[in-house]
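Hi everyone, thanks for coming. Let's look at the structure together and follow a few residues through it.

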Amino acid sequence: MARALELARRGMATTHPNPRVGCVIVRGDRVVGEGYHQRAGEPHAERLALSQAGGAARGATAYVTLEPCCHTGRTPPCTDALLAAGIARVVAAMEDPDARVRGRGLEALRTAGVAVDVGLMEGEAARLNRGFISRAVRARPFVVAKAGISLDGRTALASGESQWITGAAARADVQRLRAVMGAVMTGTGTIRADDPRLTVHEGAPRQPLRVVVTSSLAIPPDARILAGDADLMVLTTTDGPHGDRLRASGAEVVAVGGAPGQVDLAAGLGALAARGVNDVLVEAGPTLLASLLDQGLIDELRLYVAPMLLGNGRPLADFTLAKLSGARAWRYDEVRSVGRDLRLILTPET
């Protein structure tokens with residue numbers, strides 16, 4: 001199963017919106033077939049492993065990181081392929097959370113006489129597909145907020161200057177993170193201050209969807225985010241002439257109005273899930289980040305801490321607490337050096 005997970009990770013940047021899945025077929029003490037899902041519409045991991053195994057698959061055990069599918073989508077059911085090949089046992093790391101499968105694939109195998117075991121290395125498999133699980137179970141993507149900050153928690157000087165707080169190694173790490181996300185989200189404040197492209201460097205196998213949250217649609221017409229080949233979605237309150245201008249530039253405009261003059265962020269994430277986005281990387285200023293935090297919509301904080309002090313600069317998130325007891329607690333999941341900086345990965349305390 002560890003090998004199957006290793007194979008599945010090879011599809012980190014390419015399987016979107018499908019889950020990352022690996023499969024290893026073993027007969028006796030010999031591996032006879034391996035495969036991993038590479039892109040939506042292409043063969044699933046089980047079929048690739050079975051193709052490699054050929055006749056040796058009969059009577060063998062298939063280790064797969066996710067329950068085999070039992071429905072016809074872009075490709076035929078993997079359960080049919082496993083049964084036709086004569087697989088005797090299937091070991092799945094976890095059930096598929098997709099309502100079209102969710103235990104039915106495993107039950108179909110059991111009914112046909114295949115021995116089935118579930119749960120081996122389930123935690124590792126779930127983390128690999130946490131975005132896919134979030135979209136299937138919560139109808140919203142898994143949301144990661146990323147920021148480069150100083151030792152005193154500032155993301156820029158008071159003048160707005162921020163390039164570069166973090167070092168080259170940290171910025172390269174962010175590029176790798178962007179490459180495996182379904183979407184990258186920001187607000188108009190960041191667009192006006194930093195004019196980002198929110199793309200992955202040239203040569204990446206896929207560009208994430210770029211998302212701008214704006215109540216006014218006031219994206220400057222010369223903003224770099226309006227250029228390039230990567231798709232752009234604008235989440236706003238109400239449509240209008242500005243929306244027509246953005247659509248003319250190739251953007252998709254989605255109205256998700258909430259309170260007067262405010263974008264309904266939860267509804268916006270729902271719209272992204274409906275579009276097939278599994279995970280979102282938020283690279284935004286203090287206002288949007290504070291709103292997402294206040295509504296409990298951040299699943300992970302990824303902070304790159306630079307060894308410098310910026311004084312009276314721009315904060316990470318712009319909110320005010322009346323009492324210390326009201327502060328939301330976070331758990332350190334990882335602390336690691338990335339070049340000269342520290343990378344902190346935190347998740348909310350439950």
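Let's begin with Ala81: setting aside neighbours within four places in sequence, Ala81 is in contact (heavy atoms within 4.5 Å) with Arg47 and Leu50. Before going on: this is a predicted model, where local features need pLDDT of at least 70, side-chain atom pairs count only at pLDDT 80 or more, and totals for chains, interfaces and linings use all residues. Residues are numbered from 1 along each chain as its sequence is written, and side-chain values use heavy atoms, leaving out hydrogens and water.

Is Ala81 buried or exposed? Its relative accessibility is 13%, so Ala81 counts as buried (under 20% relative accessible area, with a 1.4 Å probe and protein chains only).

Ala81 lies in helix H3 (helices are DSSP runs, H or I, of at least four residues, numbered from the N terminus). Helix H3, residues 78-85, packs against helix H2, residues 45-53, at an angle of about 20°, with the axes 9 Å apart (axes are lines fitted to C-alpha atoms over the stretch in contact, and angles run from 0 to 180 degrees between N-to-C directions). That makes H2 roughly parallel to H3, a term for angles under 35 degrees.

Who meets whom? From H2 come Glu46, Arg47 and Leu50, and from H3 come Cys78, Ala81, Leu82 and Ala85.

Terms used
Helix = DSSP H or I, 4+ residues; strand = E, 2+ residues; numbered from the N terminus. Parallel < 35°, antiparallel > 145°, perpendicular 65-115°, else oblique. Buried < 20%, exposed > 50% of the residue type's maximum accessible area, 1.4 Å probe, protein only.
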